[in-house]
Amino acid sequence: MGYSIQPLSKGIATACLYLSMGAMAAILTHCVPVKETANPLEQRLDKMLSEMTTQEKIEQLYYLTDGNERLGIPQFKGSDGPHGIGNGAKGFSSFPVPIGMAATWDPALISQVGRAISLEQASRGKDRIAGPTLDLLIDPRMGRAPETMGEDPFLAGRIGEAFVLGQNTTSVFGSVKHYNLNTYEINRRTNNYLSDKRSLVEFWGYHWKRTVQQGGAFSIMCAYNWVNGDKCAENEFLIQTLLREHWGFDFYTMSDWGGFTETKKALDAELDFCEGNNLYIKELPEGVANGLIDTALIDRAAKNLLRTKLLSGMIDGVPTISEKVIDSPEHRELVYQSGLQGLVLLKNTSAILPLNKNEIGTLAVIGPNAAVLPLDGNSSSKVVPSYTIPVLQAMKAAIGEEKVVYAKGCNMNDTDSSQFRAALDAARNADYVLFVGGLDQTVEGEGYFLDKEADEKGGGAVTRPDRPSGTVGLPGMQNTLINALAAVNPNLILVVISGGPCSVTPVINQVKGLLYAFYPGQEAGRAITDVVLGAYNPSGKLPATIPKNDEQIIPISADFTQMVSKGAGYRWFDSQQLSPEFAFGFGQSYTTFQYSNLRLSAPVVRAGEKVEIYFDLKNTGTRAGEEVAQLYLSAESISPLFVMPEKQLRGFSKVLLAPGETQTITLSLSAEEFYVYEETTASYHVPEGQYTLRVGGASDNLPLAASLRLEKAKGRPDLTLVNIRSLPAFPKAGEPVVFIASLINNGTAPIQPGETIKVSFMVDGKPVARYVSTSTTIPAGGMHMACAEGLNGVNWLAQNGEYHISAEVEIASGKEISTENNACHAVLTVPDGKILPAEIASQIK
């Protein structure tokens, strides 16, 4: 199916008699019109809309009325959940906060975390979670730092993609937040951030593009703030132009709680769902009646909502998940593993760590976070688990209570030194001192430390940081106490637990060991103890630069222009020629690694073609350990000329090596990693010219370098197939199945109308459905959802069992940059299963 033979003109028919069979086939290819595949998904959506009144469509757009019992359309039910189930729910697993997930540099692990959180939500009969959070860390003091994915868009994109892929193995989907430029919490509803479009796309947008396209996000939550004079939820460029038209997002957008004020402007910009205020349900009926609101806009918004409800499984039915998954032993172990792998060893003078528990006579455990365990800042994402394991509790269990002496020493954030004496006495008589400090929910969070009324009506001024202390340093008397402890016992190990990084410069020379923990979840004490005692070799790397002091942080301002080049984090430090205390990507191990033998698949390629980078990584120490090998890209001389950052992370791989083992690591760069957004043409480009590739273990430790030249080349598309889906989402035996996949064009030229695209879907190798189109447009960097028809008009019928689902795409003209990524593989289990990417399916078995 897909092609139909039409009568040829007499002239062509006569000419064909004198042609070879090959030539005749070529003429037929050009002469025979292609029958466009009907779209079963859109047909069903159109039918649903045709059965709804205008009022019912409007009700779909409002968070208290979006269910429709008459038509069997369920209402969204959800809660906050970037690192566990929030909104006052109790007894659910509390995983590391997003910045802690980023510190693992392990996407496969974070896919499992995303799945676990969503399974716990599904067991409650819920449909969605507000999360993951893709905010970038601009300033460690920005209040909501724990919910960021760190400072780098590339790392944030890979972790965000992984989390969403894990979510999407369940019936629960995420509303990814906060789109976009959600930074300072002070005056967050009125801050008007200024940005050039290139920075919006390349810096603020890179990780959103990746999570939307490769991750397959079902919902986007708009931020409170303004961008270039428009609220994010009313911002046509952010939503309609960039998110939808360019990146191809087909599902629904929503406001943060009450996050817009102008109904028509929001609807025009393609904000679909109104949450937290009643503007849509109150104003849209009257707007339609008086002709101010076009009903086509309401149809469009309702269709986006219903598309999500269909493809997530809400309408056709989802499997029942047992409540036994909540806080289950398996999830507790995953909390532990994800917290463990995000712990970052920053200093280890004289190899003081790991401690040998059999040689410890007395260990003094001191500090405001020693006997309690903070899980998050004070925010809507906070989780209340059934238990926590503080460091003091875990250490006593590991080495024996009789060996541990505890003294709090100081409070989190005051000037009281009355507890110093007990702490100094404990330290003076101990073999080692473990100081556990940092931050907690009393000193960082979601703007809860501000005058709320003034915050909501602040007028957009960004005048100060959001931490009550106003500084990036450790709050209260912590520095003073740490220095005093070091004076009586030099064997001092500092553990910092926080969300936003804290400067440790005032004490760094007084501590022999330093372990950083980004709110690692409810099992954190156990994880920290296992690293301190050597049961686990630390493998985390910093997801954010740790500055020496406040003066090294990018100045507080609402002006975010040229962020793509001056940037934040390591980009800022590079552009200002500053040396931080600890660089982005840094993290030590109890073993050592050696990088060598860097080579490229080719030193010169045409712009847009894939480049493979090979290098050898050797464990030169005596312990097994994991290293995160990192690849950074620098533009030396490019055309067209763009101002570029000194370097950008463009690849990484976390590798486990035995002592003495060497592995050859392969990383690759496609056109996407070279993309520069050209504002005048509103399109992505891959500039030709000279680049340098650097490889190493941290952004400031890149011992290997190689030159690469991209030669000028004619633009070509490059299609990748991702995220095979089905309708219904969870097929049952005997049900006909419609197959859908997303096409991403990460090439150097658009797919234009007239180009024939074919996608074939197979079950266990047997063709079952096909998508054919000559009218599709996909810009470079864009995405399109291809919905197939069953062969001969008959859809595949599901039966109980496990099936291998695959899809392949081809362009009739064959003008792609590469065909290596034209196939996609997945697994479907019937009943109670949905189509899962093959790699994800293998991870969760």
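I will speak about the aromatic residues, then a sheet, and finally the cysteines.

Please keep in mind throughout that this is a predicted model, and that the values I quote are computed from it.

Let me begin with the aromatic side chains, for which a search of the whole structure finds 31 aromatic pairs. In one of them, the rings of Trp105 and Phe652 have their centres 5.1 Å apart and their planes at 80°, and because planes over 60 degrees apart count that way, the pair is edge-to-face. This pair links distant parts of the chain, since Trp105 sits in the loop between α5 (98-102) and α6 (107-122) while Phe652 belongs to strand β19, and the two are 547 residues apart. Trp105 is buried, at a relative accessible area of 1%, and Phe652 also counts as buried, with 14% relative accessibility.

A second pair has another geometry: the ring centres of Phe582 and Phe586 are 5.9 Å apart with the planes at 15°, so this pair is stacked. Here Phe582 is buried, with a relative accessible area of 9%, whereas Phe586, at 22%, counts as partly exposed.

Which residues form one aromatic cluster? They are Phe76, Phe173, Phe218, Phe249, Phe251, Tyr252 and Phe273. Elsewhere, Arg526 lies over the face of Tyr336, at 3.7 Å from the ring centre.

Turning to the sheet, we have an open arrangement of 3 strands in the order β15-β17-β20, with antiparallel pairing. The edge strands, each pairing on one side only, are β15 (593-600) and β20 (662-669), and the twist averages 25° from one strand to the next. Between β15 and β17, which covers residues 611-619, the antiparallel pairing runs over 6 bridges, and the bridge partner of Phe593 in β17 is Asn619.

Finally, how many disulfides does a search of the whole structure find? The search finds 0. Cys232 is in no disulfide, and the nearest cysteine sulfur, that of Cys222, is 6.7 Å away; Cys232 is buried, with a relative accessible area of 0%. Cys787 is likewise in no disulfide, the nearest cysteine sulfur being that of Cys824, 15 Å away, and Cys787 is buried as well, at a relative accessible area of 3%.

Definitions and conventions
Residues are numbered from 1 along each chain as its sequence is written. This is a predicted model: local features need pLDDT of at least 70, side-chain atom pairs count only at pLDDT 80 or more; totals for chains, interfaces and linings use all residues. Side-chain values use heavy atoms; hydrogens and water are left out. A disulfide is a pair of cysteine sulfur atoms within 2.5 Å. Buried means under 20% relative accessible area, exposed over 50%, partly exposed in between (1.4 Å probe, protein chains only). Two strands pair if DSSP finds at least two bridges between them. Helices (H or I, at least four residues) and strands (E, at least two) are DSSP runs, numbered from the N terminus. Axes are lines fitted to C-alpha atoms, for helices over the stretch in contact, and angles run from 0 to 180 degrees between N-to-C directions. Rings of Phe, Tyr and Trp (its six-membered ring) pair if their centres lie within 6.5 Å; planes under 30 degrees apart count as stacked, over 60 as edge-to-face and the rest as tilted. A charge sits over a ring if NZ of Lys or CZ of Arg is within 6 Å of the ring centre and within 35 degrees of the ring normal.
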